Amino acid sequence: MTVDDAAAQSEAVVRRPGPWTHRDVSANGARFHVVEAGDGPLVVLLHGFPTFWWTWRHLLPVLADAGFRAVAIDLRGYGGSDHTPHGYDPFTLSADVAGVIGSLGQADAVVVGHGWGGLVAWSMAVLEPDVVRAIVPVAVPHPRRLRAAILRRPGQLRRSSYAVGLQWPFLPERSLARDDAARVEWLLRAWSGTPGWPDDETASTYRAAMLLGSTTHTSVEYHRWALRSVARPDGLRYARAMRTPVDVSVLHVHGGSDPTILAASMVGSQRWVAGSYRLEVLDGLGHFPHEEAPDRFAGTLLPWLETEDR
């Protein structure tokens, strides 16, 4: 594939048209691709693995119509954002999003995050508290609760074991890229709780996005940091920092049939929340509730936002 072909493919996958606008902003020493719709209080949307900003395509216009400025970000190493050699730890990722909020001309935002994006939301509430009005972690417990669940619940350890397989050098990248990123589609279907999701268009879009640039490598680096840092100074510093209570409102959303995170592993996250806390378990949905049932997800989020963010 030529450089021009690669650029055209990136444009087609990452900058898909819709009721939103695309732009690039600079923050924390990197360039980030963001997609925005609407005007009003800022709501930042963070994706997880193995997706990119497009995971919020259903929610962007809904938030805009409800009077919010909705901005979906490609996290570092994904989509149209810079794929840097380093920076896949919660300290850097939190500073990335805080910097994007400032680059958008805003003082703060509600941060909605799915999966790894949810871990960034939890982290920002402690590491970058001045720019966070409230958080909505989706499909992920508080980091300290997740750590405890993996250590103490064999069932959760089994469900999280896929991350162990991502620690090998080179092999995970090759596995993700093989057969036009067929493994991405397999993960989406395996982690879904909804028959028929993802449809062919959704699966092919995420497969194509995984093949952009070095995404097969940079997306895995998140998981490598999470395990390899456990006994390192940076990991211990993060674990200590996350003892600080989250001092903003939290709407915690979970798919009741999520194959990767036990519902019981979510319970207890409120121990590290000093602000108001509400857990919403959406029965019958898997790891991607905002995509599997977007209307149901929006019906949970919007009334809470109206109450908390007006």
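Modeller: Residues are numbered from 1 along each chain as its sequence is written. In this predicted model, local features need pLDDT of at least 70 and side-chain atom pairs count only at pLDDT 80 or more, whereas totals for chains, interfaces and linings use all residues; side-chain values use heavy atoms, without hydrogens and water.

Colleague: Which helix gives the largest share of the lining of the largest cavity?

Modeller: A cavity is a set of points, on a 1 Å grid over the protein atoms alone, where a 1.4 Å probe fits but cannot get out, and lining residues have an atom within 4 Å of a point. The lining here includes Pro50, Phe52, Tyr78 and Tyr206. Helices are DSSP runs (H or I, at least four residues), numbered from the N terminus. The largest share of the lining, 3 residues, comes from helix H9.

Colleague: How many residues lining the second largest pocket are charged?

Modeller: A pocket is an open set of grid points with protein on both sides within 12 Å along at least five of seven lines. Among the residues lining the second largest pocket are Arg144, Arg145, Leu151 and Trp272. Asp, Glu, Lys and Arg count as charged, while Ala, Val, Leu, Ile, Met, Phe, Trp, Tyr, Cys and Pro count as nonpolar and the others, Gly among them, as polar. The lining divides into 4 nonpolar, 1 polar and, as charged residues, 5.

Colleague: How many aromatic pairs does the structure hold?

Modeller: Rings of Phe, Tyr and Trp (its six-membered ring) pair if their centres lie within 6.5 Å; planes under 30 degrees apart count as stacked, over 60 as edge-to-face and the rest as tilted. By this rule, the number of aromatic pairs in the structure is 12.

Colleague: How far apart in sequence are the parts that the pair of Trp116 and Tyr222 ties together?

Modeller: Trp116 and Tyr222 form an edge-to-face pair, 5.2 Å centre to centre with 75 degrees between the planes. Trp116 lies in helix H4 and Tyr222 in helix H10, so the separation of the joined parts is 106 residues.

Colleague: What is the relative accessible area of Trp116?

Modeller: Buried means under 20% relative accessible area, exposed over 50% and partly exposed in between (1.4 Å probe, protein chains only). Trp116 counts as buried, because its relative accessible area is 11%.

Methods
Helix = DSSP H or I, 4+ residues; strand = E, 2+ residues; numbered from the N terminus.
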